[in-house]
Amino acid sequence: MSKWSTGTFECCKEPGGSFLCVKTCCCPCFTIGDINEAIDGPGGWAGGCLGDCILTWCCDLYCLCPLYQGLEVAKKANFEESVLRAIVCSCCCCGCYTCQQAREVSIKNIGKGGPGQQEMS
């Protein structure tokens, strides 16, 4: 069984490097939007970005988007993420978990014809 390609706290690791870390720290909604678009989440990039902003600013539920996306990224990368780990990571180290998801999307080419996509015949 496969697992995450990079660790949760390897925030500056490639792909993405320090730019991804700074982007996620300063404007997490942009990274959330990128991930949401890659996993075909509700509303694409805008849905992820706006959904994160609304949940964070209006409801103080900053961990919901990373929680959902962590489970979806794992599914599309063909491994299982435990719900407990997803809850802990999204609530306690949300930015690091979001960076990990973005790196996984990039490494596994999710949303770009990678394992999460099927070819039409």
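In sorting lining residues by class, Ala, Val, Leu, Ile, Met, Phe, Trp, Tyr, Cys and Pro count as nonpolar, Asp, Glu, Lys and Arg as charged, and the others, Gly among them, as polar. The model is a predicted one.

By these classes, the lining of the second largest pocket has 10 nonpolar, 4 polar and 1 charged residues. This pocket holds about 180 Å³ of space. Its lining consists of 15 residues, and those nearest the centre are Cys27, Pro28, Cys29, Asp52 and Thr56. Two or more lining residues come from each of H1, H2, helix H3 (44-57) and H6. H3 contributes the most, with 4 residues.

The largest pocket has about 310 Å³ of space. Among its 19 lining residues, Asp34, Ala38, Ala102, Val105 and Lys112 are the closest to the centre. H1, H2 and helix H6 (94-107) each supply two or more residues to this lining, and H2 has the largest share, 5 residues. The classes here are 8 nonpolar, 5 polar and 6 charged.

Asp34 also takes part in a salt bridge with Lys23, at 2.5 Å from N to O. Because Asp34 lies in helix H2 (residues 28-38) and Lys23 in helix H1 (residues 17-26), the pair ties together parts that are 11 residues apart in sequence. Asp34 is partly exposed, at 33% relative accessible area.

The model has 5 salt bridges. Another one joins Arg85 and Glu81, with the closest N and O atoms 2.8 Å apart. Arg85 is partly exposed at 28%, whereas Glu81 is buried at 9%. Lys108 and Glu104 also form a salt bridge, 2.8 Å from N to O, and Glu104 is buried at 0% relative accessibility.

How values were computed:
Residues are numbered from 1 along each chain as its sequence is written. This is a predicted model: local features need pLDDT of at least 70, side-chain atom pairs count only at pLDDT 80 or more; totals for chains, interfaces and linings use all residues. Side-chain values use heavy atoms; hydrogens and water are left out. A salt bridge is a side-chain nitrogen of Lys or Arg within 4 Å of a carboxyl oxygen of Asp or Glu. Buried means under 20% relative accessible area, exposed over 50%, partly exposed in between (1.4 Å probe, protein chains only). On a 1 Å grid over the protein atoms alone, a cavity is a set of points where a 1.4 Å probe fits but cannot get out, and a pocket is an open set with protein on both sides within 12 Å along at least five of seven lines; lining residues have an atom within 4 Å of a point. Grid points are joined across faces, edges and corners, and a volume is the space filled by probe spheres set on the points.
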